[in-house]
Amino acid sequence: MTSVNLLILVLAANPVKVNILSSHHLQEVGVSSESNESVLRAKGDHLYVNGKKSDTYHCKSGRFTLEWQDKSREYKGLLKAWAEDGRVVLVNTVGENDYVASVTGAEMVPGAGVEAMKAQAVLCRTYIYTAMQHYDEPWDLCDLTHCQSYRGLETVTEASRRAVEKTEGVLLAYHGEPCRIFYHSTSGGKTADAASIWPDEAQAYLLSVPDPCCATSPHYRWEFVASPADIARALDFPSIADVRVIENHPDGRVDKVGVRYLGESLLYDGWNFRMLVCQELGWNTLKSSWFTVERDGAAYVFHGKGLGHGVGLSQWGAAGMAEQGTGFEKILAHYYPGTEVKKW
Ligand SMILES: [Zn+2]
């Protein structure tokens with residue numbers, strides 16, 4: 001079993017209060033016995049612990065809480081902190097099982113059956129082995145959806161713990177090697193071929209497959225209405241005259257969007273168009289790159305399917321398959337054709 005070094009992104013958090021919950025290591029960390037609490041403050045690249053200048057702060061306790069602004073969250077494992085550019089940088093080193101239980105609870109559809117939870121746990125674990133994405137940093141993964149959403153003990157549930165225990169050490173593999181892991185909320189009826197979204201990420205097991213079980217998802221079908229001014233703002237134009245879908249990928253996702261501006265026609269990649277719109281107008285607007293667009297008076301009406309990129313396992317689909325009695329190995333084999341689960 002491995003352990004994972006996680007950057008806890010408490011951006012702009014300064015100060016951060018650390019409260020150690022298990023007390024047997026107090027001597028080691030140099031915290032006085034009257035108080036388990038340390039206030040960490042950054043001034044430039046200098047860290048101050050309870051007002052005293054210090055290079056780094058170590059917490060070897062098994063459990064601690066972090067408090068910043070009006071938030072408080074409990075974590076397990078070790079904590080190391082230092083200062084950088086006026087910010088407190090926090091890195092939590094946590095055991096693989098604790099990490100996977102937290103991430104599985106944060107990522108899977110709430111209330112999903114145990115087989116869907118197990119499938120998610122295998123994916124969250126495999127991700128650690130194949131996507132240590134912060135190579136140049138003193139941590140392996142960040143705690144945002146950039147890597148996988150990690151919120152310490154807040155998202156660990158009885159069900160996520162059990163899913164981790166039942167799949168301990170199991171990874172998703174293709175030809176004996178751990179897979180590149182992508183998963184999403186709702187495909188809308190058919191998953192995406194990775195090549196339609198990110199040509200560089202194309203893999204033999206990241207293909208479009210039917211996903212009828214995600215029909216219960218609230219994101220299965222959606223509508224989004226935008227004014228021409230909204231679209232212009234998202235694309236950084238003063239105004240636009242027309243938006244239309246020019247071409248689709250075989251998996252249904254939009255390949256090219258044509259936007260007319262001052263008599264000139266510009267082509268956007270479908271996925272990039274979605275990202276530009278969401279970055280400006282919010283992530284709940286153009287929920288996927290599987291949509292049509294039509295004009296209704298002055299407005300543009302987008303009708304779409306699914307939420308997210310659509311590549312790999314569909315969480316709502318997996319929850320639906322589990323409800324019908326499908327085991328986690330079959331669920332994974334469905335969404336990642338040609339792969340197998342493997343004890344590592
Ligand atoms: Zn990351």
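Visitor: Leaving aside its neighbours within four places in sequence, which residues is Ala-119 in contact with?

Guide: This is a predicted model. Contact here is judged by C-beta atoms lying within 7 Å. Once the neighbours within four places in sequence are set aside, Ala-119 touches Leu-313, Ala-318, Phe-328, Ile-331 and Leu-332.

Visitor: Which residues touch the most other members of the largest nonpolar core?

Guide: A nonpolar core is a set of buried nonpolar residues joined through their C-beta atoms. In this model the largest one has 72 residues, and those touching the most other members are Val-88, Ala-116, Ala-119, Val-122, Leu-123 and Ile-331. Helix α3, residues 114-130, is the greatest contributor, with nine residues. Domain 1 (3-96) and domain 2 (97-187 + 314-343) each supply at least three residues to this core.

Visitor: What does the second, separate core include?

Guide: That core has 15 residues, among them Val-257, Val-259, Val-277 and Tyr-300.

Visitor: How should I read a sheet, and in what order do strands β16, β17 and β18 stand?

Guide: Two strands count as paired when there are at least two bridges between them. Here the open sheet runs β16-β17-β18, and its pairing is antiparallel. On average the twist is 25 degrees from one strand to the next.

Visitor: Why is one side of β16 and of β18 left without a neighbour in the sheet?

Guide: Both β16 (242-248) and β18 (264-269) are at the edges and have a single partner strand each, so one side of each has no neighbour in the sheet. Strand β17, residues 254-261, is joined to β18 by six bridges, and the two run antiparallel. To find a place on this pair, look at Val-257, which stands opposite Tyr-268 in β18.

Visitor: Which strands of this sheet does helix α7 touch?

Guide: Helix α7, residues 270-281, packs on the sheet and touches β17 and β18. The direction of helix α7 makes about 95 degrees with that of β18.

Visitor: What is the order of the open sheet that contains β15, β19 and β20?

Guide: Its three strands stand in the order β15-β20-β19, with antiparallel pairing. The edges are β15 (221-226) and β19 (291-296); each has a single partner strand, so one side of each is without a neighbour in the sheet. The twist in this sheet averages 20 degrees from one strand to the next.

Visitor: How many bridges pair β19 with β20?

Guide: Six bridges pair β19 with strand β20, residues 299-305, in the antiparallel sense. Along this pair, Thr-292 stands opposite His-303 in β20.

Conventions. Residues numbered from 1 in each chain as written. Predicted model: local features only at pLDDT ≥ 70, side-chain atom pairs only at ≥ 80, totals over all residues. Core = buried A, V, L, I, M, F, W, Y, C linked by C-beta atoms within 7 Å. Buried ≥ 20, exposed ≤ 12 C-beta atoms within 10 Å, placed from the backbone. Helix = DSSP H or I, 4+ residues; strand = E, 2+ residues; numbered from the N terminus. Domains from an automatic or database assignment. Contact = placed C-beta atoms within 7 Å. Axes fitted to C-alpha atoms, helices over the stretch in contact; angles between N-to-C directions.
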